[in-house]
Amino acid sequence: SWPAGTYSVQAYFAGSLPLPSGSITLADQLYNPSASGVASLTIIPLPETAITDGPSGSTGDTMATFSFSGSGGQGVLGFECSLDSPTTFTYCVSPVTYRSLADGAHTFRVRAVDGLAQVDPTPAERSWTVRSIYRARVVSGQVWIERSIALAGLGDYDSLPTDGWSLVGRTNGSDDNGALRSFYVQGGVPYAITYNLSKTKGNRCILVTPASLAVVLNGQTRPMTTVGDPVPCPGETPETTITSAPHGTVAAATATFKFTGSGGSGFLRFECSLDGSPFAACTSPKAYSGLVVGDHLFLVRAIDASGTADPTPASVNWVISVSGQVLYRARQDGERIVIERNTALAGLGDYDGAPVDGWAVVARSSGIDDDGVLSGFYEQGGVPYVIICNEARNRGHRCVLMTPRSLAVVRQGQVRLLAVVRDPIPCPAL
C-alpha cells in the first residue's frame with residue numbers, strides 16, 4: 001500500500017487526445033505512447049485506532065476504564081465503542097468507563113470515524129477476564145464486604161468464613177448503615193455505595209470501603225471508612241436546581257432563568273412551566289418577555305434518559321410592579337440579614353423600627369444560628385422571604401429559607417426575628 005500523499009500519475013492511451021488533468025479513470029488496455037497525460041492522485045488513509053490504556057489478562061476489578069486515540073482520515077476524528085459485541089457500536093469519548101462487570105471474559109472494541117464518515121475497518125480491541133475476588137451484601141442492616149477464599153485464600157486478616165467467602169470489612173452500625181445501592185472493585189479495592197437517610201438529608205448516598213486491607217487479628221472486624229459523602233445514588237430520580245432568576249419585586253416585564261440538573265440515568269433534558277401552564281421542553285437559559293404586572297411562578301424539572309422526571313420541580317416566585325416600587329427589601333448587615341419595609345408605600349407603625357432613608361426594619365436574623373450570606377429574596381402573598389447561605393448550620397454550601405416570625409404589631413424598638421421555613425434548600429446564584 002502507498003503511504004499518504006499526493007502523486008503524479010503518467011498514463012498512456014490509444015488515440016490522439018490529451019488526458020484532462022484532475023480526476024480520471026485509467027481503464028484503456030491499449031498502450032500508445034503518443035497519447036498521454038498527467039493527473040494528480042491524492043491518497044488519504046482510512047482512520048486508524050489505538051487503545052492506549054485499559055485492563056488486560058485476568059483481574060478482580062469489576063470496573064474497567066479504557067483510553068484510546070486515532071490517526072489518519074479526513075478532518076476531526078470521533079470514536080465509537082462496543083463492549084462484548086463485534087457489531088454494535090455507540091458514540092464515545094476517551095476515557096470510557098464500564099461498571100458492574102460480570103464474571104467472565106470481556107472484549108472492548110473502539111473505532112475512529114473521520115469527518116467524511118469513513119470508519120476504521122479494523123477496530124482496536126482489548127480482551128480481559130473478570131474474576132470477582134470481593135462481593136458485598138447486607139447482613140442485619142449492615143453492609144458486609146467479603147473476599148473469595150478460593151481465589152485469595154484465608155488468612156488471619158479475615159473472619160467469619162461462610163460459603164467460601166470471608167468477611168474483610170463491614171459498616172460500623174451507627175452512622176454508615178443503610179441499603180446497598182451499588183458495589184464495584186477498582187484497583188483491587190472494593191467500594192460500596194449505601195443509601196443512608198439518617199446520615200445525610202434527602203435522598204443521598206455515601207461511598208465506603210474497608211478502612212484497611214492490611215492484616216488484623218483473626219476475628220476482629222475491619223470497619224468501613226467513608227470515601228465520599230454524599231455521592232449520587234445509583235438510579236435516583238433527577239434533581240433540578242435554578243442557578244439564576246429574578247427575585248422579589250421587579251419592574252421588568254422580562255425574566256431569564258438558568259438551571260442545571262443532576263442524578264437520574266443518562267442524559268438529562270428539561271421541561272419548564274410558567275404560571276401553571278403545561279410543562280414543555282426547554283433549555284437553559286430560558287427567557288420570557290411581555291409578562292404582565294402581578295405575581296408569577298416559574299417551574300422547571302429535569303427528565304432523565306429513562307423518562308423519569310424530578311418529582312419536585314425547582315421553582316421561583318417573583319412579582320412585577322407597575323412602577324418598579326417594592327414593599328419589602330432585604331440587605332446584609334454584617335453577619336445578620338435584615339428585612340425592611342418601604343414606609344412611603346406602607347407607612348410607619350409602632351411595629352417597625354426607626355426608619356432610615358424611607359425604610360424601616362421589620363425583622364432580622366437572630367445572630368445565633370441563622371446568620372450567613374444573603375443569597376435570595378422574594379415576596380409572595382404579601383410575605384417577604386429570604387434565602388440565607390449558612391455553612392456553619394448545614395454541611396457544605398447549604399441555604400435556609402426564612403421569613404419574619406410575625407408581621408403583626410409589636411412595640412416600637414422590639415426586634416422581630418426570622419423563622420426557618422425550610423432547611424436546607426438549594427442556594428440560588430444571584
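When I say contact today, I mean heavy atoms within 4.5 Å. With that in mind, take Phe257, which, leaving aside its neighbours within four places in sequence, is in contact with Ser244, Ala245, Pro246, Ser284, Pro285, Lys286, Tyr288, Phe298, Val316 and Trp318.

Please keep in mind that this is a predicted model, where local features need pLDDT of at least 70 and side-chain atom pairs count only at pLDDT 80 or more, while totals for chains, interfaces and linings use all residues. Residues are numbered from 1 along each chain as its sequence is written, and side-chain values use heavy atoms, with hydrogens and water left out.

Phe257 also belongs to the largest nonpolar core, a set of 19 residues in which Ile242, Phe257, Phe259, Phe298, Val300 and Trp318 touch the most other members. A nonpolar core here is a set of buried Ala, Val, Leu, Ile, Met, Phe, Trp, Tyr and Cys residues joined through side-chain atoms within 4.5 Å, and buried means under 20% relative accessible area (1.4 Å probe, protein chains only). Strands, which are DSSP runs of E with at least two residues, numbered from the N terminus, contribute as follows: β21 (255–262), β22 (269–274), β25 (294–303) and β26 (314–320) each supply at least two residues of this core, and β26 gives the most, with four. A second, separate core of 16 residues includes Ile51, Val96, Leu101 and Val130.

Turning to a sheet, three strands form an open one in the order β3-β5-β8 with antiparallel pairing, where two strands pair if DSSP finds at least two bridges between them. Its edge strands are β3 (48–53) and β8 (96–98), each pairing on one side only. Five bridges join β3 to β5 (residues 64–71), and Thr49 stands opposite Gly70 in β5.

Conventions
Buried means under 20% relative accessible area, exposed over 50%, partly exposed in between (1.4 Å probe, protein chains only).
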